[in-house]
Amino acid sequence: MPAKPVIARDIMVSRLITLRPDMDVFAAIDLLLKHNISGAPVVDQDGRYLGVFSESCSISLLLAAAYDGAPTNEIERFVDGDAPTIEPGADLLTIAQVFLETRYRRLPVLEDGRLLGQVSRRDLLKAARQLLEMGSSEGSSVLYLSGLVDAHDSSILVLSRV
């Protein structure tokens, strides 16, 4: 019997460091450094997700300042608004595929444009490891992860016993 599907809502972290678009560049960089994180979601005053400000964004900003003289000290211009996001119901295989196909280390989880949480590569690996461990403890000698596709839903990751 398949295990309950694991989705983003199950593995996301919901207590996040977030940034505002009008935040001072150095304050944003200081927050990333202080909390030892490589990036953070940016939300407006109404809690709507705008993108991600990361170490990569910071480096772009430093280069722009060095070569062009940065026109502003706010992070808004350097926020990555094209960073991929996922919905709370995204399954483990979908999340894994996004990580595999992109350079991103974290995926913001959005519902109706609002930030609910975030799934990191590490969160994904922990969840997959727990699934494999669970199957192993049930005495299965060969385990495989299979994606089942429903006509109305995205694929769902389940642990199957052979």
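Biologist: Hi! Which loop is Pro84 found in?
Modeller: Hello! Pro84 lies in the loop between α3 and α4, the latter covering residues 92–101. Keep in mind as we go that this is a predicted model.

Biologist: What is Pro84 in contact with, leaving aside neighbours within four places in sequence?
Modeller: With those neighbours left out, Pro84 is in contact with Val98, Thr102, Tyr104, Leu107 and Pro108.

Biologist: You listed Pro108 as a contact of Pro84. What is the bridge partner of Pro108 in β4?
Modeller: Pro108 has Gln118 as its bridge partner in β4. Val109 also has a bridge partner in β4, namely Gly117.

Biologist: How many bridges join β3 to β4?
Modeller: Six bridges join them, and the two strands run antiparallel. They form a hairpin with two residues between the strands. In that turn, Asp112 has a positive phi of about 55°.

Biologist: Why is β3 described as largely enclosed by the rest of the structure?
Modeller: Strand β3 spans residues 106–111, and five of its six residues are buried, so the rest of the structure largely encloses it. For β4, five of the seven residues are buried, so β4 is largely enclosed as well.

Biologist: Let's change topic to the other hairpin. How many residues lie between β1 and β2?
Modeller: That hairpin has five residues between its strands, and Gly47 in the turn has a positive phi of about 85°. β1 and β2 pair in the antiparallel sense over five bridges. As an example, Val43 has Tyr49 as its bridge partner in β2.

Biologist: And how many of the six residues of β2 are buried?
Modeller: Five of them are buried, so β2 is largely enclosed by the rest of the structure.

Biologist: What volume does the second largest pocket have?
Modeller: The second largest pocket comes to about 230 Å³. Of its 13 lining residues, the closest to the centre are Ser54, Glu55, Ser56, Arg103 and Arg106. Two elements, β2 (49–54) and α3 (55–68), each give two or more residues to this lining.

Biologist: Which of the elements gives the most to the second largest pocket?
Modeller: α3 gives the most, with five residues. By class, the lining of the second largest pocket has five charged, four polar and four nonpolar residues.

Biologist: Zooming out, how many helices and strands does the protein have?
Modeller: There are five helices and six strands. Starting from the N terminus, the elements run α-α-β-β-α-α-β-β-α-β-β.

Biologist: What share of the 162 residues is buried?
Modeller: Buried residues make up 41%. As for contacts between residues at least 6 apart in sequence, 53% join residues at least 24 apart.

Biologist: Last topic: what is the mean pLDDT?
Modeller: The mean is 81, and 79% of the residues reach 70 or more.

Biologist: Where does pLDDT stay under 50?
Modeller: One such stretch is residues 140–144, for which the model has 14 contacts beyond four places in sequence. Another is residues 146–162, with 47 such contacts in the model.

Biologist: How should I read the coordinates where pLDDT is low?
Modeller: Not in detail, where the predicted coordinates have low pLDDT.

Key. Residues numbered from 1 in each chain as written. Predicted model: local features only at pLDDT ≥ 70, side-chain atom pairs only at ≥ 80, totals over all residues. Heavy atoms only, no water. 1 Å grid on protein atoms, 1.4 Å probe; cavity = no way out; pocket = protein on both sides within 12 Å on 5 of 7 lines; lining within 4 Å. Points joined across faces, edges and corners; volume = space filled by probe spheres on them. Helix = DSSP H or I, 4+ residues; strand = E, 2+ residues; numbered from the N terminus. Nonpolar A, V, L, I, M, F, W, Y, C, P; charged D, E, K, R; others polar. Buried < 20%, exposed > 50% of the residue type's maximum accessible area, 1.4 Å probe, protein only. Pairing = 2+ DSSP bridges. pLDDT = per-residue confidence, 0-100. Contact = heavy atoms within 4.5 Å.
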